[in-house]
Amino acid sequence: MWGVIVATVDAPAQVSWALRLPYWVGSVVLGVLREVGRLSIYLYQSIRLGVVPPYRIRDIFRQMEVLGVNTMPVVLITALFTGMVLALQSHTGFSRFSAESLVGTVVALSVVRELGPVLTGLITAGRAGASIAAELGTMKVTEQIDALVTMGVSPVKYLMVPRIIAGVVMLPILTVFADVVGIAGGYLVGVEMLDANPTVYISRTFDFLEVADVVGGLIKAAVFGGLIALVSAAQGFNTRGGAEGVGRATTGAVVLSSMAVLISNYFLTMAMAS
Amino acid sequence: MITLDHLQKGFGGRQVLKGVDLQVKRGETLVIIGGSGSGKSVLMKHVIGLLFADSGQVRIDGDDLAQLKEPELTRTRRRFGMVFQNAALFDSMNVWQNVGFALMQHTKKRKKAVLEIAQHYLEMVGLPDVLYRMPSELSGGMRKRVGLARAIATSPEILLYDEPTTGLDPVTSDVINRLIRSLQEQLGITSLMITHDMVSAYHVADRMAMLYQGKIIETGTPEQIRATDNPYVRQFISGSSDGPIEAG
């Protein structure tokens, strides 16, 4: 992450050893502030331009396919095995104080409140974030984005807004599938491998699960979806310097949007807990 | 029509434009010549508001671009058509969608009508049979011609050409030059071209200006430029490595 941010700050020709640390700290602070400022401007423009017609429904659906449908297989496989591992691990722990019957509860709560949205977010950041940054970055270095501007079309409205809307809509949908498959993975291990009673397992799974847990997870997912699209599109728009620049933008998009998912997850969890 | 008033622009401490003064009159074709790295592309990006000057003004019919609000700036940009160096065609769209893109965005014309307009302009640039081809299936010269058709499809008042013959073989370059000249004669559009291709410059220019180290050092008709005493201009138009200009 630091590499991505510090790389945006011009290095002076000569910096003495004594000044290296303060220079590095200053560079990182400036880099973070610059990135946050840039994203804030893009977010403001996206909201301002997103609420006025034309709404470009076809573009939004196309992006929903890229962000959602194409990411689905990876999300489902990850969720399945995460649910299975979670059941195994919690069974190992709980068996030490004879609380194996709580495995279903722990799997369900962990997947729905935390792992479902976060893993879906991270996978989308890796897959769709990279794709968004590479596509828009290539458009930038081949002057296609300049061409849009010269034709009086806002790149934010035309390219960024559909991706953000697709992210906000599709991440919760992906998360619902991840939740279901993750819980099913836990059930498979718990009941089929560890011989838990299916009726007890299912009742323990849903007894302690509240609607608020599910809704909270989906709200997180919606925020992650918007952030991934925003960060990745911004990286694409700010690409410089040919193929190498597109590579840098793609890496930056994955790193920064993954960080955005993890950091915002903490603050969202804190806000929901309070 | 276009007035550049003491335009200055720098990037990261390097001054690229050091006070450019220039006027493009309505209906004329002004060609700015200059070597690689002389600031030609930066200058052109200022004219259409893709970049904004550190000081000085770009005025279109008296309106300072830097003072325009976003909707006015967008309206002003739509008075232009721009032909990019590498055509900058949208690679996710086929040829007719590229040519008709601005019309689809800004008018209520139906798909069939836009298709017919695209066909008309593609015929004008000598490419009647490429409507459904993707940009990746076109040669460099064809891409430039599609770029030209896209630029004129909105009937602009001003056309900007960014090195329209760079990277093309001499025969294809001549096709493009003749096309630009015939479009000017047919449509009477005010045009600003930047190039370092002197054959192209002489072919299309009503007036020429030379940009060197961020300043306009000479302006005149093609004949005046040919007969100039300015050693920098003489070296550049003769294409010699002997003289005061250092290779970029």
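**Ground rules.** I number residues from 1 along each chain as its sequence is written, and I letter chains from A and number ligands from 1 in the order in which they are written. Because the model is predicted, local features need pLDDT of at least 70 and side-chain atom pairs count only at pLDDT 80 or more, while totals for chains, interfaces and linings use all residues.

**Chain A, overall.** I looked up the elements of chain A and found 10 helices and 0 strands. Helices here are DSSP runs of H or I with at least four residues, strands are runs of E with at least two, and both are numbered from the N terminus. The C-alpha atoms of chain A fill a box of roughly 65 × 55 × 35 Å along the principal axes. Of its 274 residues, 43% count as buried. I call a residue buried if 20 or more other C-beta atoms lie within 10 Å of its own, exposed if 12 or fewer, and partly exposed in between, with C-beta atoms placed from the backbone. I then checked contacts in chain A between residues at least 6 apart in sequence: 86% join residues at least 24 apart. A contact means that the two C-beta atoms, placed from the backbone, lie within 7 Å.

**Core.** Which residues have the most contacts inside the largest nonpolar core? They are Ala233(A), Val31(B), Val99(B) and Leu160(B), in a core of 130 residues. Such a core is a set of buried Ala, Val, Leu, Ile, Met, Phe, Trp, Tyr and Cys residues joined through C-beta atoms within 7 Å. Helix H5 of chain A (residues 103-141) gives the largest share of this core, 17 residues. Beyond its neighbours within four places in sequence, Ala233(A) touches Ile132(A), Leu136(A), Leu159(A), Met160(A) and Arg163(A).

**Strand S8 of chain B.** I took residues 190-195 next.

I looked for the partners of S8(B). Strands pair if DSSP finds at least two bridges between them. Strand S3(B) (residues 29-33) runs parallel to S8(B), with 5 bridges. Thr29(B) stands opposite Ser191(B) there. Strand S7(B) (residues 158-162) also runs parallel to S8(B), joined by 5 bridges. Leu160(B) has Leu192(B) as its bridge partner. From S7(B) the chain crosses through helix H7(B) (residues 170-187) to S8(B), a right-handed β-α-β crossover. Right-handed means that, with the strands pointing away from the viewer, the path from the first strand over the helix to the second runs clockwise.

**Pro170(B).** This residue lies in helix H7 of chain B. Buried or exposed? Pro170(B) is exposed, with 10 other C-beta atoms within 10 Å. Its C-alpha is 9.4 Å from that of Val199(B), 29 residues apart in sequence.

**S9 and S10 of chain B.** S3(B) also pairs with strand S9(B) (residues 207-212), parallel, over 4 bridges. S9(B) then pairs antiparallel with strand S10(B) (residues 215-220) over 5 bridges. The two form a hairpin with 2 residues between them, and Gln213(B) in the turn has a positive phi of about 50°.

**Helix H5 of chain B.** I checked residues 111-124. The 14 residues reach 20 Å from first C-alpha to last, close to the 20 Å expected at 1.5 Å a residue. The expected span is 1.5 Å times one less than the number of residues. Val114(B), Ile117(B), Ala118(B), Tyr121(B) and Leu122(B) are buried. They cover an arc of only 135° around the axis, so they sit on the same side of H5(B). The arc is that of the directions from the helix axis to the C-beta atoms. Exposed Lys112(B) and Glu123(B) are on the face turned away from the buried side. Cover for the buried residues includes helices H3 (95-99), H4 (101-106) and H6 (140-152) of chain B.

**Interface.** I counted 16 residues of chain B in contact with 11 residues of chain A. H4(B) gives the most to the chain B side, with 4 residues.
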